[in-house]
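Subject: Structure handover and notes

Dear colleague,

Please find below the structure that I promised to pass on to you. My notes on what was found in it follow directly after.

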Amino acid sequence: MKWKWMSLLSLLSVAIILISCNKNDEDGPALQNETYQLVNLSSGSSQSAGTFRILEQSNGNAAVEINLAQAFRINGARFNAVIVTYDESTDSELVYANLGEINGGSARVLINPVLQLSTNQAISYADLTGRTGYTLKLLNGANVQASGQIQ
């Protein structure tokens with residue numbers, strides 16, 4: 001008889017714990033994302049090179065997802081992805097975030113989290129999407145293969 005009550009009490013405790021741990025996702029704020037176009041201008045006219053999305057993570061940090069258009073998926077090609085800004089005082093571009101090397105044969109790449117180059121700290125979604133004049137660039141050596149403006 002003692003074991004029956006202990007078993008029933010244990011089962012009831014487990015049920016209460018499971019119910020209390022069940023989160024309702026509708027209570028939290030919806031995660032945001034912004035999608036931007038990547039273009040290639042090397043042929044003299046604008047050609048779609050894919051898209052990139054800035055995604056809000058549950059901790060508020062930003063992640064970047066890059067999706068190359070089929071024409072720019074080149075097996076064996078390596079692209080260095082960076083976010084740059086133009087500095088008027090030095091009349092040059094400065095790297096804000098280095099997203100790392102991307103395999104050109106991949107259809108989709110996710111960089112999480114995005115780290116600010118100067119501090120090596122994660123960049124928040126609000127900070128990255130709130131910037132104007134910033135550009136995501138895919139570089140093949142010194143050549144810009146594709147770029148997209150964060151607006």
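A salt bridge is taken here as a side-chain nitrogen of Lys or Arg within 4 Å of a carboxyl oxygen of Asp or Glu. This is a predicted model, in which local features need pLDDT of at least 70 and side-chain atom pairs count only at pLDDT 80 or more, while totals for chains, interfaces and linings use all residues. Residues are numbered from 1 along each chain as its sequence is written, and side-chain values use heavy atoms, with hydrogens and water left out.

Salt bridges

By the rule above, the count comes to five salt bridges. In one of them, the side chains of glutamate 93 and lysine 137 meet at 2.8 Å, N to O. This pair links distant parts of the chain, since glutamate 93 belongs to strand β5 and lysine 137 to strand β7, 44 residues apart; strands (E, at least two residues) and helices (H or I, at least four) are DSSP runs, numbered from the N terminus. Glutamate 93 is partly exposed, with a relative accessible area of 43%, whereas lysine 137 counts as buried at 14%; buried means under 20% relative accessible area, exposed over 50%, and partly exposed in between, with a 1.4 Å probe and protein chains only.

Another salt bridge joins glutamate 65 and arginine 108, at 2.5 Å from N to O, and this pair too links distant parts of the chain, glutamate 65 being in strand β3 and arginine 108 in strand β6, 43 residues apart. Glutamate 65 is buried, at 4% relative accessible area, while arginine 108 is exposed, at 57%. Arginine 131 forms a salt bridge with aspartate 127, the closest N and O atoms being 3.1 Å apart; arginine 131 is partly exposed at 22%, and aspartate 127 is partly exposed at 31%. Salt bridges that share partners also join Arg53, Glu65 and Arg108 into one network.

Overall organisation

The protein has two helices and eight strands, and from the N terminus on its elements run α-β-β-β-β-β-β-α-β-β. Of its 151 residues, 31% count as buried. Among contacts (heavy atoms within 4.5 Å) between residues at least 6 apart in sequence, 50% join residues at least 24 apart.

Strand β3 (residues 62-68) and β6 run antiparallel and are joined by four bridges, where strands are said to pair if DSSP finds at least two bridges between them. Within this arrangement, valine 64 stands opposite isoleucine 111 in β6. Strand β6 (residues 108-111) has a covered face, formed by Val109 and Ile111, and an uncovered one, formed by Arg108 and Leu110.

The core

Leaving aside neighbours within four places in sequence, leucine 138 is in contact with residues including Leu38, Ile66, Leu68, Phe79 and Ile102.

Aromatic pairs

A search of the whole structure finds two aromatic pairs, where rings of Phe, Tyr and Trp (its six-membered ring) pair if their centres lie within 6.5 Å, and planes under 30 degrees apart count as stacked, over 60 as edge-to-face and the rest as tilted. Tyrosine 36 and phenylalanine 52 form a stacked pair, at 5.1 Å centre to centre with 25° between the planes. Tyrosine 36 lies in strand β1 (residues 33-40) and phenylalanine 52 in strand β2 (residues 47-56), so the pair ties together parts that are 16 residues apart in sequence. Tyrosine 36 is buried at 8% relative accessibility, as is phenylalanine 52 at 1%.

The rings of tyrosine 96 and tyrosine 134 have their centres 5.1 Å apart and their planes at 75°, so this pair is edge-to-face. Tyrosine 96 sits in strand β5 (residues 92-103) and tyrosine 134 in strand β7 (residues 134-140), 38 residues apart, and both tyrosine 96 and tyrosine 134 are buried.
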